[in-house]
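Me: I've got a chain open here and want to go through its packing with you. Can we take it piece by piece?

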Amino acid sequence: MAQTTGGMSPTDMSVGLSTDGTNYTDVSGYANSVEIDGGERVTGNAFTFEGDTAIIKSGKREPLTVTVRGVYTETASEYYDMVVDAYEAGSALYVRWSPGGGDSGDLGFTSQAGIVKNAPYPIGEASTAEPIMTELVLEVAYVTEAAIGTAGWS
């Protein structure tokens, strides 16, 4: 098989946050990474007196953790403000991202309502000039994948 020529770079990824799962705020200008952890499917196995290998069955999927790192600002209704408000209230937050940028026909990934698990407060180190970052760690049951419609993500 020939090597692919369709590889993508995440430099134009689109990232959005929502408190209701419908109206998203574009945080692409703040976010600089999206990571997924967890989601392992529970499995079980048993051996019988016949055969040399186990009988393996699948179970439920564990929750996923979606982590989004973003630049800290003190402007209301921006990335940090949305994350800390959801954390302090214990309220639902949704995240969506599109590696292709959120244009029509790109694939988009959208979380179910999740809970902010970490304290997203800013931290820093005096020996660096890098922007202050904060981290959203969102626990969700699942993420859906779908092609983005003709209007794209705005």
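Me: Is leucine 138 buried or exposed?

Reply: This is a predicted model. In it, leucine 138 counts as buried, because its relative accessibility is 0% and the cut-off for buried is under 20%.

Me: Which strand is leucine 138 in?

Reply: Strand E10.

Me: And what does leucine 138 touch, leaving out residues up to four places away in sequence?

Reply: Leu64, Thr65, Val66, Leu93, Tyr94, Val95, Ser111, Gly114, Ile115 and Val116.

Me: OK, the core. How many residues are in the largest nonpolar core, and which have the most contacts inside it?

Reply: The core has 20 residues, and Leu17, Val68, Tyr79, Val95 and Leu136 have the most contacts inside it. At least two residues each come from strand E1 (14-18), strand E6 (64-71), helix H1 (79-89), strand E7 (94-98) and strand E10 (133-140).

Me: Which of those gives the most?

Reply: H1, with four residues. As a general point, nonpolar side chains in soluble globular proteins tend to be buried together.

Me: Which residues of H1 are buried?

Reply: Tyr79, Tyr80, Met82, Val83, Val84 and Ala86. These buried residues pack against E1, strand E2 (25-26), E6, E9 and E10.

Me: What does tyrosine 79 touch, apart from residues up to four places away?

Reply: Tyrosine 79 touches Leu17, Val27, Tyr30, Val68, Arg69, Gly70, Val71, Thr134, Glu135 and Leu136.

Me: What happens just after H1?

Reply: Glycine 90 takes a positive phi there, of about 65 degrees.

Me: Switching to charges. How many salt bridges does a search of the whole structure find?

Reply: Two. In one, the side chains of glutamate 135 and arginine 69 meet at 3.8 Å, N to O. Glutamate 135 is in strand E10 and arginine 69 in strand E6, so this pair ties together parts 66 residues apart in sequence.

Me: Are those two buried, exposed or partly exposed?

Reply: Glutamate 135 counts as partly exposed at 33% relative accessibility. Arginine 69 is partly exposed too, with a relative accessible area of 31%.

Me: Which side chains meet in the bridge at 3.6 Å?

Reply: Those of glutamate 139 and lysine 117. Glutamate 139 is in strand E10, while lysine 117 is in the loop between strand E9 (115-116) and E10, and the two are 22 residues apart. Glutamate 139 has a relative accessible area of 34%, so it is classed as partly exposed.

Me: Pockets next. How much space lies in the largest pocket?

Reply: About 200 Å³.

Me: Which residues line the largest pocket?

Reply: Arg69, Val71, Ile123, Gly124, Glu125, Thr128, Glu130, Pro131, Ile132 and Met133. By class, that lining has five nonpolar, two polar and three charged residues.

Me: Last one: where does serine 14 lie, and is it buried or exposed?

Reply: Serine 14 lies in strand E1. At 10% relative accessibility, serine 14 counts as buried. Leaving aside neighbours within four places in sequence, serine 14 is in contact with Ser28, Arg96, Trp97, Ser98, Gly101, Gly102 and Trp153.

Methods. Residues numbered from 1 in each chain as written. Predicted model: local features only at pLDDT ≥ 70, side-chain atom pairs only at ≥ 80, totals over all residues. Heavy atoms only, no water. Core = buried A, V, L, I, M, F, W, Y, C linked by side-chain atoms within 4.5 Å. Buried < 20%, exposed > 50% of the residue type's maximum accessible area, 1.4 Å probe, protein only. Contact = heavy atoms within 4.5 Å. Salt bridge = Lys/Arg side-chain N within 4 Å of Asp/Glu carboxyl O. 1 Å grid on protein atoms, 1.4 Å probe; cavity = no way out; pocket = protein on both sides within 12 Å on 5 of 7 lines; lining within 4 Å. Points joined across faces, edges and corners; volume = space filled by probe spheres on them. Nonpolar A, V, L, I, M, F, W, Y, C, P; charged D, E, K, R; others polar.
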